[in-house]
Amino acid sequence: MKRHELEVFVSKVPCPCCGDAPDPEMEKLMSALQHVKERLGDAMVYKVHGLNNLSAFRENAEMSAILRNEGHSALPVVFLDGKVFSKATSIEVEQLLAAME
């Protein structure tokens, strides 16, 4: 099976230690990523970047352009194997698995 790489850009990476109220959409996204990772194991790797890590946003030229042209409303942005997979919406487990087949 081909190894897939996901890079996810969000406004804020959820952290249970910060005490903020959970964001249901972010929880859904993180849950989907974890579920797919459990199903695919080493065939899938992912990184999640929040706005507090602007260097990651700058290093990805396409993400920089999206943020500059569309603003924060484009988040979350999910790249699958270097190409934009989704913008401004959560991903579904089935949708992601189908794209990785």
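I take a nonpolar core to be a set of buried Ala, Val, Leu, Ile, Met, Phe, Trp, Tyr and Cys residues joined through side-chain atoms within 4.5 Å; buried means under 20% relative accessible area with a 1.4 Å probe, protein chains only.

The model is predicted, with local features needing pLDDT of at least 70 and side-chain atom pairs counting only at pLDDT 80 or more, while totals for chains, interfaces and linings use all residues. Residues are numbered from 1 along each chain as its sequence is written, and side-chain values use heavy atoms, leaving out hydrogens and water.

Entry: cores. I looked up the largest nonpolar core and found 18 residues, with Leu-6, Leu-29, Leu-33, Val-36 and Met-100 having the most contacts inside it. Strand 1, helix 1 (24-40), strand 3 and helix 4 (93-100) each give two or more residues to this core; helices (H or I, at least four residues) and strands (E, at least two) are DSSP runs numbered from the N terminus. Helix 1 supplies the largest share, six residues. I noted a second, separate core of eleven residues, including Phe-9, Ala-56, Leu-67 and Ala-74.

Entry: strand 3 (residues 77-80). I checked both faces and found them covered: Val-77 and Phe-79 are buried on one side, Val-78 and Leu-80 on the other. Strand 3 runs antiparallel to strand 1 (residues 4-10), joined by four bridges; two strands pair if DSSP finds at least two bridges between them. Val-78 is the bridge partner of Val-8. Four bridges also join strand 3 to strand 4 (residues 83-87), again antiparallel, and Val-77 stands opposite Lys-87. I looked at the hairpin of strands 3 and 4: two residues lie between them, and Asp-81 in the turn has a positive phi of about 50°.

Notes
Buried means under 20% relative accessible area, exposed over 50%, partly exposed in between (1.4 Å probe, protein chains only).
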